[in-house]
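The sequence and the structure are shown first, and the description follows.

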Amino acid sequence: MQFINIGFGNIVAVHKIVAIVAPIKRSIQKAREAEQLIDATHGRKSRAVIFMAEGQLVLSALQPETIISRIAAEAE
């Protein structure tokens, strides 16, 4: 099983990631209301939203490009 650091020591399972996008307010609000939101920003500005296979949304303070480059580096 492969994990990736999404900032501040928080990690997610790579095989559970469906998409990594810029923050979408409506999706974040719906996930918050459904208690499916995981905030891994440690109080910083959300720069990426990671959609997980089970329907959870994970907020990260890292740029989507940074997370994707980390996944690519781990795959090599």
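Helices (H or I, at least four residues) and strands (E, at least two) are DSSP runs, numbered from the N terminus. The model is a predicted one, in which local features need pLDDT of at least 70 and side-chain atom pairs count only at pLDDT 80 or more, while totals for chains, interfaces and linings use all residues. Residues are numbered from 1 along each chain as its sequence is written, and side-chain values use heavy atoms, with hydrogens and water left out.

**Nonpolar cores**

A nonpolar core is a set of buried Ala, Val, Leu, Ile, Met, Phe, Trp, Tyr and Cys residues joined through side-chain atoms within 4.5 Å. Buried means under 20% relative accessible area, exposed over 50%, and partly exposed in between (1.4 Å probe, protein chains only). The largest core of this kind has 13 residues, and those with the most contacts inside it are Ile6, Val12, Ile17, Ile50 and Val58. Two or more residues of this core come from each of strand E1 (3-7), strand E3 (17-21) and strand E5 (48-52). E5 gives the most, with three residues. Another core, of five residues, lies apart from this one; Ile28, Val49, Leu57 and Leu59 are among its members.

Contact here means heavy atoms within 4.5 Å. With neighbours within four places in sequence left aside, valine 12 is in contact with Gln2, Phe3, Ile4, Ile6, Ile17, Met52 and Val58. Isoleucine 17 lies in strand E3. Isoleucine 17 counts as buried because its relative accessible area is 18%. By the same exclusion of neighbours within four places in sequence, the contacts of isoleucine 17 are Ile4, Val12, Ile50, Phe51, Met52 and Ile71. From isoleucine 17 to glycine 7, the separation is 10 residues in sequence and 16 Å in space, C-alpha to C-alpha.

Phenylalanine 51 has its place in strand E5.

Threonine 41 is found in the loop between strand E4 (37-39) and E5. Not counting residues up to four places away in sequence, threonine 41 touches Phe8, Ser46, Leu59, Ser60 and Ala61.

The table gives the accessibility of several residues.

| Residue | Relative accessible area | Class |
|---|---|---|
| Threonine 41 | 2% | buried |
| Phenylalanine 51 | 23% | partly exposed |
| Phenylalanine 3 | 39% | partly exposed |
| Phenylalanine 8 | 43% | partly exposed |
| Glutamate 35 | 72% | exposed |

**The hairpin and the surface patch**

Two strands pair if DSSP finds at least two bridges between them. E1 is joined by four bridges to strand E2 (residues 10-13), and the two run antiparallel. Phenylalanine 3 is found in strand E1, and it stands opposite alanine 13 in E2. The hairpin of E1 and E2 has two residues between the strands.

Patches are made of residues with over 30% relative accessible area and no salt bridge, where like charges are joined within 9 Å and nonpolar side chains (Val, Leu, Ile, Met, Phe, Trp, Tyr) within 5 Å. Met1, Phe3 and Ile11 form a nonpolar patch on the surface, and together they have about 370 Å² of accessible area, as given by the Shrake-Rupley method with a 1.4 Å probe, where for residues only the protein chains shown count as cover.

**The salt bridge**

Side chains of opposite charge can pair when their charged atoms come close. A salt bridge is a side-chain nitrogen of Lys or Arg within 4 Å of a carboxyl oxygen of Asp or Glu. By this rule, the count comes to one salt bridge. It joins the side chains of glutamate 54 and lysine 16, at 2.9 Å from N to O. The pair links distant parts of the chain, 38 residues apart: glutamate 54 is in the loop between E5 and strand E6 (57-60), and lysine 16 is in the loop between E2 and E3. Glutamate 54 is partly exposed, at 46% relative accessibility, and lysine 16 is partly exposed, at 29%.

**Positive phi values**

Most residues other than glycine have a negative phi. Phenylalanine 8, although not a glycine, has a positive phi of about 60 degrees; phenylalanine 8 is found in the loop between E1 and E2. Glutamate 35 also has a positive phi, near 55 degrees, in a residue other than glycine. The loop between helix H1 (25-33) and E4 holds glutamate 35.
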